[in-house]
Amino acid sequence: MKNPFVMESGNYKTSYTKDMALYRNPRVKRRMLIIVILLFLIPLFASNYVIGLATLCAIAVIGAIGLNILTGFTGQISVGVGAFLAVGGYTSAIFTTTYGLSFWISLPLAGLITAIIGGLFGIPSLRLKGLYLAIATLAAQVIILWVIGNWESVTGGGSGMVLERPSIGGFSFYDQNSYYYLCLVVAVLTTIYALNLFRTRTGRAFLAVRDRDVAAQIMGINLFSYKVMSFAISSFIVGIAGALLAHYTMIVTVELYSIQVSIQYLAMILVGGLGSVFGAILGAVFITLLPVGLGYMVEYLTMFIPDAYSLLSSFREFVFGLVLILFLVFEPGGLVNIWNNIKNYFKLWPFSTKE
Amino acid sequence: MTFFFQMLITGVVVGSIYALVALGFVLIYKASDALNFANGEFVLIGSYICLMLVTIYKIPFVIAFILTLVFNALLGMAVERVVLRPLINAPVISVIMATIGLSSLLAGVVHMIWGHQTKSFPPIFSSELIQFWGIIISPVYLWSFFIVLFLLGVFTIFFKKSKMGLAMRAVADDQMAALSMGISVKSVYAITWGIAALVAAVGGVLLGNINGVDASMATIGLTVLPVVILGGLDSIPGAIVGGFIIGILQSLSVGYLQPILGGGIKEVIPFIVVIIILMIKPYGLFGKGGIERV
């Protein structure tokens, strides 16, 4: 077998089909396969704690890809992801707990209902742009959470709802490993879906809308339907992530989906790289693991400052903001840009120089 | 009826503070097309600084107040220089996220220094309640209202008459043209951010006197967003009118809707109004929509 990690020396494309292909060449395909297999092997040697983190990363990846479709690829800023996660989580909670439906039915239902609500809040996007749209989605966030928090007969109000881990036949996804596999499979499927989406007319239309919506309209793209569609597709994926998260934490309360969550997801796609599926993955993993890393750092610091733990939450806020600003100022392309630069360096090596 | 007027007056006072903070938003938006999500943290920092000067260093309130304003104005300028200047011509989302990052960073600093407990100002205004035809008003409210009115008047004159004010309006109108007329756009940006932060500090000190100072004060940054959207992001009269409308609506909804619909309506009602207004007028009540060229 040829070494899959050998880099190609240039682009040699002779047809549009080749240019649009999912994998640039068979080696890339093999490389991806190896990475996915490695991800599936994590539970064999990792502790339960690490697997839990990996599960959270996988869920964040799903949500970040969903948001990136809307914000990164279609250019519609949404500050309401937290609420859409909540809609997904609560829908699944209501269907499985109150109505006793199976998880496997309630998961797509959660996606669908989130898609409908997302589409509904996407309707103003036809007339609103930029900052005004951002505030409209912020309004969506506040209104949806308020409705959930006050609709006690359905959502349990302030005390929230309790969920169970899914099962199929006699097999339960109760332990960490099996739930990790479930999330990983969904994350891989979402990635493949998103990568393929941008090879279709719909995906290309999204890109055109982002680049210049008036121009896109002149070229025959129905702005209204594509914008609403983008909201719906993105919300569907976010809703799935919300349902998975709810069944992972096994409890849903309004506090879990505050505006901070929306900001975190926006930070994921910005730090990762706007308009890049791979970037969303990198950003999701980075932002999910950042507080964990800081936790370790503070633990180390307690040797010198005994009460460092009391400052942990403020310190996290501080570093989160700092990281965001540093990325925006010094590397607006995000982690994916850094990754590509490294790759390009080695592609031309030893002829690549600093300049 | 007395209840109604009581609620109305509370709304007007709170609304006047909203108008003041919203003014900061609008100034920044007009000058640099950016929405400052860290405005709430400017408010917070302003009130903490003033509180610290008054309680720990025992500085008389008026001097402490002026020192706070100076500090916040410098902070605003520093923020502009360090965070916003490199992002000129960056896409909208980058600027939004930069100010969100900034708000998180500042909030982290504030929590690290001052913690999370509510602290209250020593009584500065007399606590004797004033009564008009059965409506009770606390002097703090009255003072806030007049201070805000005074400041709004000052700013109106500043923008109409002073050279700097004119320069700021010119930059807001057309950056390129202003630049070619010899106006330093950079210094206009810096001063805009300085003024916005200063105005936020005034809001912070007044709010701190009314409700006490704690970390949750920063949420005014979010509450004021509907105000500016309602009035139109680029309109100063819009900010003032929007501030009063939202303040009054909030106060009335606490009085009349909260018993029916349950808690939290106060935070939600501005956003519901915003969604409705945006459906009808996408650029707010007084905002100008631009012409788009392909």
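This is a predicted model: local features need pLDDT of at least 70, side-chain atom pairs count only at pLDDT 80 or more; totals for chains, interfaces and linings use all residues.
Residues are numbered from 1 along each chain as its sequence is written, and chains are lettered from A in the order in which they are written. Local features need pLDDT of at least 70, side-chain atom pairs count only at pLDDT 80 or more, and totals for chains, interfaces and linings use all residues, while side-chain values use heavy atoms, with hydrogens and water left out.

Student: How many residues of chain A are in contact with chain B?

Tutor: Contact means heavy atoms within 4.5 Å. On the side of chain B, 48 residues take part. Their partners in chain A number 41 residues.

Student: What area do chain B and chain A bury between them?

Tutor: The size of an interface is often given as the accessible area lost when the parts come together. Buried area is that loss, found with a 1.4 Å probe and summed over both parts. Carbon and sulfur atoms hold 80% of the buried area here, and the total for chain B and chain A is about 3900 Å².

Student: Which element of chain B gives the largest share of the side that touches chain A?

Tutor: Helices are DSSP runs of H or I with at least four residues, and strands are runs of E with at least two, numbered from the N terminus. Two or more residues of this side come from each of helix 4 (92–114), helix 9 (220–231) and helix 12 (265–280) of chain B. The largest share, 16 residues, belongs to helix 4 of chain B.

Student: What is the radius of gyration of chain A, and why is chain A called as compact as a globular protein of its length?

Tutor: Chain A has 15 helices and 4 strands. The radius of gyration is taken over C-alpha atoms, and the globule rule is 2.2 Å times the number of residues to the power 0.38. For 355 residues the rule gives 20 Å, and chain A is close to this, so it is as compact as a globular protein of that length, with a radius of gyration of 21 Å.

Student: Is Ser234(A) buried or exposed?

Tutor: Ser234(A) lies in helix 11 (residues 223–249) of chain A. Buried means under 20% relative accessible area, exposed over 50%, and partly exposed in between (1.4 Å probe, protein chains only). With a relative accessible area of 3%, Ser234(A) is buried.

Methods:
Buried area is the accessible area (1.4 Å probe) that two parts lose on being put together, summed over both.
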